[in-house]
Amino acid sequence: MTPLKASILARKPRSLDAGRTRDILQGRRVLVTGAGGTIGGELARRVAGQDPERLILFDSSEFNLYALDQHLTEAGSKAHWTVALGDVRDRARLEEVFSRLQPEVVLHAAALKHVPLMETHPCEAVLTNVGGVVHVMELARETAEAFVFISTDKAVNPTNVMGATKRVGERVVQALASEAPVRAAIVRFGNVLGSTGSVVPLFERQIARGGPVTVTHRDMTRWFMTVGEAAELVLQAASLPQPGHADVFVLDMGEPVRIDDLARQLIRLAGHEPDLDIKIEYTDLRPGEKLTEEIFYAAEDVSATAVDGVMAARADTVSLDGLRSDLNALLAAAAARNEAETLARLAALEPRFSQR
């Protein structure tokens, strides 16, 4: 671990059980959606090293897929992989990929996740983060042995569109898992260091320009994890669940980090003194942001798992029949680009979002 990451985390990184992941990936056909993103790319690289029968890289970004394909080639990967350009919103394209390549393990990383941007694009957030998981999970439960959905701590008591769409996605996975033999899991991430849109690269750019460094609020805190921890959590989660329900898995990330402290650490690591050499400006909360995040609901039954450092949570779930009418109305409103109706339907499915 670099001094920067060690300083930010203020804890030792979690080292999870690599043997468990090899058992579920070796000799399997593994699909990674959102493979061109930070997490998806890390998942792809780790899966490639576990001797899968075939690695299927699915993403809507032509350039990101090209870059990942080049990386695997230049790294001399011995894995067999297929690049599949497509969007999780496109059911017909997904059906073609599933029918032709028959994935046995599905890691669903595709998402729109930038909180302020999703506040102004709620229809797009719904179509990808809700519609996408419906499509992928419905197809996965027909052919796959294991399915993992990547969620976020922002899905707990959500105050923003992104978090609310991820929470609805969690409920969709739980509902579909109760009706199929596929082993389904949900993982909730904290903030991933170095991921696209992460605060750390932003602070580093601001410091390089001589400041100011913009901090949302003096008391804002977030949980942080490394890209490696995030990818390992997803792969561990694929091996943990049992058929019939979809547990939520969360990495024990220690204590949350104050963003103000993080900014000051980065300034000092760059050889400057906060407030003297580099100024810090406080900008206040943006639309949809919380001061602090949560990782579990009060109603969730939290327990340890067979993997040290990974916790599981289970709660009562609603059947797919109980969700279907509201879900269809939400997706129809988003497809029509009716923002007011989309937000109302999203609040109907996730009441905590309506109270923001």
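**A covered helix and its setting**

Tutor: In this predicted model, the buried residues of α3 are T38, I39, G40, G41, E42, L43, A44, V47 and A48. The helix spans residues 38-48, and nine of its 11 residues are buried, so α3 is mostly covered. A residue counts as buried when its relative accessible area is under 20%. An α-helix has 3.6 residues a turn, so residues three or four places apart point the same way.

Although D51 is not a glycine, its phi is positive, at about 55°. The relative accessibility of D51 is 46%, which means that it counts as partly exposed.

A positive phi also occurs at N157, a residue other than glycine, where the value is near 45°. N157 belongs to the loop between β5 (146-152) and α8. With 24% relative accessibility, N157 counts as partly exposed.

The share from α8 is the largest, at four residues. The space in the second largest pocket is about 280 Å³. Its lining has 16 residues, and those closest to the centre are R167, R171, A315, D316 and R352. By type, the lining divides into eight nonpolar, two polar and six charged residues.

Between α9 (199-208) and β8 (213-215) lies P212, and the peptide bond that joins G211 and P212 is cis, with omega at about 0°.

These parts belong to a chain of 14 helices and 15 strands. Its radius of gyration is 20 Å, close to the 21 Å that the globule rule gives for 356 residues, so the chain is as compact as a globular protein of that length. Along the principal axes, the C-alpha atoms fill a box of roughly 60 × 50 × 40 Å. Of the 356 residues in the chain, 53% are buried. Among contacts with a separation of 6 or more, 79% are between residues 24 or more positions apart. The accessible surface of the chain is about 14900 Å², and carbon and sulfur atoms account for 48% of that surface.

Definitions and conventions. Residues numbered from 1 in each chain as written. Predicted model: local features only at pLDDT ≥ 70, side-chain atom pairs only at ≥ 80, totals over all residues. Heavy atoms only, no water. 1 Å grid on protein atoms, 1.4 Å probe; cavity = no way out; pocket = protein on both sides within 12 Å on 5 of 7 lines; lining within 4 Å. Points joined across faces, edges and corners; volume = space filled by probe spheres on them. Helix = DSSP H or I, 4+ residues; strand = E, 2+ residues; numbered from the N terminus. Nonpolar A, V, L, I, M, F, W, Y, C, P; charged D, E, K, R; others polar. Rg over C-alpha atoms; globule rule 2.2 N^0.38 Å. Buried < 20%, exposed > 50% of the residue type's maximum accessible area, 1.4 Å probe, protein only. Contact = heavy atoms within 4.5 Å. Areas by Shrake-Rupley, 256 points an atom, 1.4 Å probe, with all protein chains shown as cover.
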